[in-house]
Amino acid sequence: SGLSQEVGSVEQLSLHCAEGSLEWLYPTGALRLRLAPRLPPTAAATKGRSPRHITACVKPAGSFRGAQLYLEREGVLELLLPEAPRPRVRCFSWLPQEKVALFLQATPHPDISRRIAAFRYELRGDWLAHPALPATSLAGEGACRPCNDTEILMAICTSDFVIRGSIRSVSNDVELQESIIGVSAARIHRQKFPLFQVGGRPAGSIRTPLRCGVKPGPGTFLFTGWLHFGEAWLSCAPRYRDFQRIYEGARRTRQNPCEFPVD
């Protein structure tokens, strides 16, 4: 509210919340959105280690019209979302000392009455297992490489969800470049949000990038991951018998980062 409707105007706003949404009705001029999340203080870089990054992701609404969204980094603009973009998530990272902002530029149209530029965003600190670069035991190499033992042990302690279950289906969304894994849950160890419905045989879906090439397979897995724009995204998913071996080995040497029920 209260925005100027002059064509050459640029309104300055700051995004302090860790996540939220922006809806710009009848866009004219431009909005410059300074990214200033209230995250925990950045720890000083230790010897031999780089300073922590901050990661942001934006997801356009299906009705995104009337503007284009740019990333402004040290005065240089990079197009993130063109007008009428596909509903895909775009993510980027920066160091705490870098100056970054989102620049939402209205595109000229004779009739702006039906145009709304709307998107959701998430701002995070270090995102060890970011959904855009998953480490999964189910597929692929490179960005889709299997989690190592340390990553698996950390995943059970820090993930938004930890589900023991089996794969009942895999479907691919080519437009979004996502694979949707249908999971039947034998046990819900943890879920911060009601991703898997309780009652009868709990079931839900977990997403991963299409390029990881996930295929349905037999056996029991331990699915871990993060909530990303209201959807579950895969981080690590070792076979449960492999996880038992890894966890018991770490417990014997007192290197398990948290206690976890193993049966």
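Q: Are Phe243 and Tyr247 buried or exposed?
A: Both residues, Phe243 and Tyr247, are buried. Please note that the model is a predicted one.

Q: Where do Phe243 and Tyr247 lie?
A: They both belong to helix α2, which covers residues 240-252. Four residues separate Phe243 from Tyr247, about one turn of the helix.

Q: OK, rings next. How many aromatic pairs does the structure hold?
A: There are six aromatic pairs. In one of them, the ring centres of Phe243 and Tyr247 are 5.8 Å apart and the planes are at 35°, so this pair is tilted.

Q: And what about the rings of Phe243 and Phe260?
A: The ring centres of Phe243 and Phe260 are 5.2 Å apart, with the planes at 85°. An angle over 60 degrees counts as edge-to-face, so that is the class of the pair Phe243 and Phe260.

Q: Which residues do the ring pairs link into a cluster?
A: The cluster consists of Tyr240, Phe243, Tyr247 and Phe260.

Q: Changing topic to the sheets: what is the order of the open sheet of five strands?
A: Its order is β1-β3-β8-β5-β6, and the pairing is mixed. At the edges stand β1 (10-15) and β6 (76-81); each has a single partner strand, so one side of each is left without a neighbour in the sheet. From one strand to the next, the twist averages 25°.

Q: Which way do β5 and β8 pair?
A: Strand β5, residues 67-73, pairs with β8 in the antiparallel sense over seven bridges. Within this pairing, Tyr70 has Phe103 in β8 as its bridge partner.

Q: How many bridges join β3 to β8?
A: Five bridges join them, and β3 (residues 30-35) and β8 run antiparallel. Ala30 stands opposite Gln105 in β8.

Q: How many residues of β8 are buried?
A: Six of the seven residues of β8 are buried, so the strand is described as mostly covered.

Q: What does the side chain of Thr107 join through a polar contact?
A: It joins the side chain of Glu83, at 3.0 Å. If neighbours within four places in sequence are left aside, Thr107 is in contact with Gly66, Ala67, Gln68 and Glu83.

Q: And Asp111: buried, partly exposed or exposed?
A: Asp111 is partly exposed, with a relative accessible area of 44%. Asp111 lies in the loop between β8 (100-106) and β9 (116-124). Its C-alpha atom is separated by 9.0 Å from that of Tyr26, 85 residues apart along the chain.

Q: Last topic: what is the order of the open sheet of four strands?
A: The order is β2-β9-β4-β7, with antiparallel pairing. The edge strands β2 (19-25) and β7 (90-94) each pair on one side only. Neighbouring strands in this sheet are turned by 20° against each other on average, direction ignored.

Q: How many bridges join β4 to β7?
A: Strand β4 (residues 54-60) is joined to β7 by five bridges, and the two run antiparallel. The bridge partner of Val58 in β7 is Arg90.

Definitions and conventions: Residues are numbered from 1 along each chain as its sequence is written. This is a predicted model: local features need pLDDT of at least 70, side-chain atom pairs count only at pLDDT 80 or more; totals for chains, interfaces and linings use all residues. Side-chain values use heavy atoms; hydrogens and water are left out. Buried means under 20% relative accessible area, exposed over 50%, partly exposed in between (1.4 Å probe, protein chains only). Two strands pair if DSSP finds at least two bridges between them. Axes are lines fitted to C-alpha atoms, for helices over the stretch in contact, and angles run from 0 to 180 degrees between N-to-C directions. A polar contact is a pair of N or O atoms within 3.5 Å; within protein, one must be able to donate a hydrogen and the other to accept it, and residues adjacent in sequence count only if both atoms are side-chain atoms. Contact means heavy atoms within 4.5 Å. Rings of Phe, Tyr and Trp (its six-membered ring) pair if their centres lie within 6.5 Å; planes under 30 degrees apart count as stacked, over 60 as edge-to-face and the rest as tilted.
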